[in-house]
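The exercises below are meant to be worked through with the structure open beside them. Each one sets a task and then gives a solution that goes step by step.

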Amino acid sequence: MSDLDARLARLRGSAQPKRHTARTIAAMTANPGCSRRAVLDAAGVDKGRLATQVGFPARFGQSRFAITRGNAFEAQIKADGCAELLSLLREKLDLPLSEVGYQDLESLGNESNADRHARAREAITNAATEAGTLFDHPLLRMEVGGRAVYLEPDLIAFRLAGRFHVVEIKSFPVIDGQADPAKVAAAAIQSAVYVLAMRTMLEEQGLDPATVSHDIVLVCPKDFANSPAVTLVDVRKQLTVLRRQLSRMARIEELLDLLPDDLTVDPRPDADGVPTATPEELGAALHRVDARYAPECLSHCEIAYFCRHEARGETSALGRAVREDLGGIESIDTALALARETRRPTPEQEESAALLRAAARLRAEVSA
Amino acid sequence: MEGVAEELERRIDKLRAAVRQAIMAGDRTAAAGLRRELREAERAWDEAVAGLAQQVVPAPRGAGALLPVREQVHHALTLLSVPAAPRLIGEVHRAFFAGDIVGARLTSLRRDEERSFRLAPYSRPYYLCAVLSADVLAPARGLLAVSTWPLERRIVGPLSPRVDFLTCAIRVAEHVERLPEAGTSASRLLWRFAANIPGLGMDPGGAATAAAVAAARAELAIHAEADRSHRAAGAARATEQLDDAGRFFGTPRQRANLPRTARSDPREGAS
Amino acid sequence: MTTLTSLARAIAAERGTAQRITTVRHVHIHERPLVLVPLTLAGEANAPLAAMVGTARDDARLLVVAQPRNRDQRFGFAADLAEIVLDYVALFTTQVELVATNRGRESRARYADGPQLIVPNPAGAAFVRMFGRSTRFRKTDGQWAVPMTVPVLGRWLTHFAERYDHPGSAALVALTSALTAHWATGQSALEDANLAALMGWLDPPAGMTGAEAGEAAEDPLAFPPAGPVTDPTFDNEVLAPLIDAYTDNPGEPALARLVAAVRGQIEPTWDLVWRGVELLRALPPGERVAVRWGADRDAYSSMVLGLADGRPPQPKRDGAVAAAGRLNRMERDQATYDVQRAFDDPLVLAEYRLSGEAFAGVVTAAQPDRVDTSGRRRVLRPHVTVLTQDPVRFTPGMELTSPARPSQKATVVSVHAGAADKAEVVLELAGGMGSSLQAPPGSVPEVGERVCYTAFGDAYQQTPDFPAREDTPWTHGGPPRDYVPTDGDAAEDWS
Amino acid sequence: MILDDVLDDLGSNRGVVVDSPPGAGKSTLVTAAAGRLARAGERVMIVAQTNEQVDDLIDRIAAHAPAVTIGRLSAAGYVPSARVLHPTVTVGQKVAELNGPVVTIATAAKWATIKEGSWPVAIVDEAYQMRSDMLLRVAPRFERALFVGDPGQLDPFSTVDIDRWTGLTWDPLQSAVAVLLRHNPDLPVHRLPVSWRLPTTAAPVVAEAFYPFTGFTAGSSPTDRTLAINSAPIDQLDDVLAMAASTGWAHYELPSRHTLRTDAEAAAACAALATRLLRRGAVAVSERERDGGPVTAARTARGTAHRDQAAAVRSFLDPAVGDVTVDTANRLQGREYDLTIVLHPLSGRRDATAFHLESGRLCVLASRHRQACVVVGRAGIADLLDAHPSTEPVHLDVPVRFPDGWEANQAILAKLAEHRIVAG
């Protein structure tokens, strides 16, 4: 166990490191400037649980209807040896009739991640050289912050003309050729994680990583019906972003060096797993790590409500654009004091102050 | 009675709020407890109201419910002649034998069959058994077969899902042909097959059965040989490595399939 | 977002009460709007779960789909909604007015009033668009027949959705957008999207600050989401069991429970919407709001005529020519909307003064009868000098207009820094002064008069020509095939 | 000769596209093509985007092909510039007033108002700056067309932000070329391979950052271009100019701070550098001027992202140095100078916005110069880029546009790091 690992383990405390999924890794690109998020992720802290423990539970939640719908659609596409999927691929991508192989690399139960990953690797590397078309649930591995993590394999790898494509089955509709751009973006970045992991896997086997295409196959319900539609999505941009953010994970040590060595968010569960650390303790620990809060965090980071509370009184809490408009002044009180000339600006604030004064003057003049 | 019902309604509303509160606070244990209370209250309410309007017409179940499930499944599988998933088995039964198979019973079916076989081997004329994957000889997820079928048929290689799908298509089409006139569920079933066989359009009217058979045979010809050899190889290994029970149900070591966890991740969007 | 609005946000955050960012109302509020609060089933493609709809707070109709995945029930819902919407849009076909066009040389008839649909938020508007899309191509005969009124509903909903895309239109109003266009809260725009939280800020209950009310309103138990998506814990803990119960035992009691639960989720939003509408209505309307409402009535009139003439349903997507034409109209609407708001509202104009696209000041010198003799004929070209405190970014030669004298052109002659960070701007005026060499009184600003000049005017922009649809050039794919609704459209079964 | 290939293809195709990186001789190509077609007896229509561009082209064509009659269509109130005053040129508002010239030229906006007449062949200049709905209005006038433009520059924009057309091949918000190629994917696309403007110090950098797939090279050799600054250096500003003169790039880095867009310190620095250069005077040697020419005010420019920034820089300029260009990227498109002084779009920003990241903006600013480019910016831009949340929405069936602004910025920044001079 390296110093870094030890350091992160201490920070995380007794809890097991959180399992990574394509989603958690994709989330790292959402607010890469936030040290708090970076440190917690690197340490594998369960941010959701932590948020609850400090009294600001995340407000995500998924409707049972959505889950049911998602599973039902996926099952429908995969039913009867992926009959529907094959039809789509034949129609849209000219998949030859002979290509119908389907291999489920689902866990064999008591199988270890390493074994299962090996099985996936074997199947796919064979396919790269010989035969095979569809590979369901291959367990992939990826380096995150210097640690190898396994990804929940929620994908199908699909081989066409010697190239692999990641197939992503989503249940949001494509209506008249358009889909919710936010949902597509999420699907794209998650698929990019799989593409990256598959490329790494092939590379380790001495094969050409480019064998894995940057065009992923997105399968969604068409219009208001259940019949599927296939769209190719180019994830090259997502790949560059991912690579860069993953490489930045290495810089985590620099962040940690700014923190007290004994810093921890360990809930210290007692025999019955009830946390003995008080919300105040944990909150205080969190405050030690700088956050880069913006309202957008509320929709994608589990501890955002804690950070929002902390950021109260700051212009950034009103939105990135608002801070920009207010001349980059960080605190609401300062901004207003400068606007009302009840506070002398520092040389740095001179220009912003002038703008704020002018704004205040106009607002007063007109509202009067 | 009235009073009771109203009392219960108030209680139900309180409990609902409490459960959601607990969920949002991330306290799953408390939520579970409250949820139990809630279901209790709701059941009580149902009875109270049922008492008021003394008529509870249970939803009509299919006539097929009269036969034991294993026989219904056996009928369907025999018609298809190849391993199939519960969903397809259900549809086939609905289409040709009238009546729904109770899905819930299907899930436990394979376990019951295995238990009965292990307690008293071969005491039944047939067992509904697992299908083994040709590579690791582990039970393939969610497929059922009939023990009296040749071992090759109960082994699946990479091409088998497609081969069996096409075989099913042929069998279904032929069977529809034999019917005096096909019911809607039968023709819908046939259409679902036709939709995914090359050369047959997505014609909602339903494809001509003869055409379906021909098209399916045409594609089948492409895969049949390779598939047969995979299955044969698997069967050979199974014969030398596994005992009877193992060949029917897989060996215990290889059985249990863990549920996938990805879906239950609360962060996943509605997609 | 702009500096003045952001300043208002900061003040709101400091005081815990929302701040006005306009002096007048810039959106038309109908005295009898049709409010629609839709709810959908999570995970499905715009599958209606319920809707509360009506033209008055105390006149609400609740439509509930007990089995949202059931196609027939969905179209039952569509038929019920159609009844209400079609009755409403028919209300305004009684009175016709004549509008002068082509500088009074001709005139055009249009309905004197029109319909206004109000939904809680942009997602509600998206529901209207999607539900219009999923109903307008339905067939009223054959295998997938739906009630006669359903496809007509689809076209009307589509009409509202298309108007919604036009800046300044008030045919379909998303309340949160309308409110945030007039008030700034002390929370972020993202948080303003939550109607309950927003209304908490704008209209807090007695004894609470806006900030407190806003935060309290974030609790989905006390304040159900304004939809169309419902709260997940409601779905999982309440709705799902009730739908199952009803499916197992479709009787009056189960239905009653389901409807009651849904009502509990939708009613609070219904009340919030009407409160929001009242807040807006209380504001004095801007002078040019009526002009823009006129455009909505033009659109309404041609929609009515189109239906009467048996015009086909609006296509799924715009063709090349249609798209270009619509974009052009939208850009002109946007420009008009921006200018009209600035001219109607000194507080909006102040944004432009701050960014240097306009300035206001006092006339310190004027030569009303200055004559320019340089050209072939002598012309009246008065000069005025304006002293302003605004940051002037204009350079000599730029042409300006004044909201007070729209027909007059003012050219910047010079800009000099004056005393106390004031600037002195000399302008040369042309037009709006008659033809003589004597400026009629009032046509030229006098010394001491407070004036304002902007870099933009609301002069009439003429519509450009586009090729006819059938003449779509090869660069854009050539003439498109006519779109014919197919059985596929009609059959499109919902999941 | 590429012109031959282009015209051959134009003979056998309805359309031909010529991509031209900065300063690769686009205007020369357009002029020559017009001349050749005219002499071949074709009636040519030429579509440019601004009156400036129209007048420039008229001047060049009239000089290049003195025998060819040129008609310039213009809107009411257009005052012919000196460049248009050639004997062969007629100016008019209607086609009829031009009495049938061989070459008819106007802005796209003017062409869009012409409802009659048809030309066998058209040349569309700066086609990547033209919006596709404009092409839709102009296209009925021609049978075949040659589209010339720089794919690396700024995309056309709209005042309305709406995605109802995204994914459609004819989305009116795309550039004319994008729509043309999506409907006619088989049209030949040529690329001018050599930039005659950008020096060897800049061509590879700009090519790699903004033309990753096609690339181009510098037409000049390292020895062709030199920039010599007169009189003796005094302070750091001179070091910056010296760095620029000797290496072709200089990054004058001010202390990290979050500022207003109109960062006075940065604007002042831009102005001071400009003033200093012009005060000292510089001599530019190039293959055009073997024995050097003075770098006058007119041969330098200052570029910014926003209009108010340009105004700020202008306000700090010493009037004594005369009338110098300070403009935004949008307006500097297609222009050329010996030396440019650029205010980095991300300088002093706290968050990068899509606007600031748009690759075309940086590309325009970094590719106007023949000798050197000085970039003024505050420290911390690298962190800003790394901290940029990549949560842009993704639309189906919309070709991914390359290069990605975020990446391009990283590339240019990496290059500038080698030429950094920290203020103080």
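**Exercise 1: a helix and its cover**

Task: Find which residues of helix H10 (residues 307-316) of chain D are buried, and what covers them.

Solution. The model is a predicted one. Within H10 of chain D, the buried residues are D:Asp308, D:Gln309, D:Ala310, D:Ala312 and D:Val313, where buried stands for a relative accessible area under 20%. The next step is to look at what lies over these residues: the cover of the buried residues of H10(D) includes helix H9 (264-280) together with strand E15 (300-304), strand E16 (325-328) and strand E17 (337-343), which belong to chain D.

**Exercise 2: one glycine in chain C**

Task: Locate C:Gly54, decide whether this residue is buried or exposed, and list its contacts beyond the neighbours within four places in sequence.

Solution. C:Gly54 belongs to strand E3 (residues 48-54) of chain C. Its relative accessibility is 5%, and therefore C:Gly54 counts as buried. Once the neighbours within four places in sequence are set aside, C:Gly54 touches C:Pro33, C:Leu34, C:Val35, C:Asp59, C:Trp270 and C:Trp274. By contrast, the C-alpha atom of C:Thr364, which is 310 residues away along the chain, is separated from that of C:Gly54 by 57 Å.

**Exercise 3: chain C as a whole**

Task: Summarise the make-up and the dimensions of chain C.

Solution. Begin with the secondary structure of chain C, which amounts to 14 helices and 17 strands. Chain C is divided into domain 1 (3-316) and domain 2 (357-454), and the C-alpha centres of these two domains lie 47 Å apart. Along the principal axes, the C-alpha atoms of chain C fill a box of roughly 90 × 60 × 45 Å. Finally, 56% of the 495 residues of chain C count as buried, and its accessible surface is about 19,900 Å², with 53% of that surface belonging to carbon and sulfur atoms.

Technical notes
Residues are numbered from 1 along each chain as its sequence is written. Chains are lettered from A and ligands numbered from 1 in the order in which they are written. This is a predicted model: local features need pLDDT of at least 70, side-chain atom pairs count only at pLDDT 80 or more; totals for chains, interfaces and linings use all residues. Side-chain values use heavy atoms; hydrogens and water are left out. Helices (H or I, at least four residues) and strands (E, at least two) are DSSP runs, numbered from the N terminus. Buried means under 20% relative accessible area, exposed over 50%, partly exposed in between (1.4 Å probe, protein chains only). Accessible areas come from the Shrake-Rupley method with a 1.4 Å probe; for residues, only the protein chains shown count as cover. Domain bounds come from an automatic or database domain assignment. Contact means heavy atoms within 4.5 Å.
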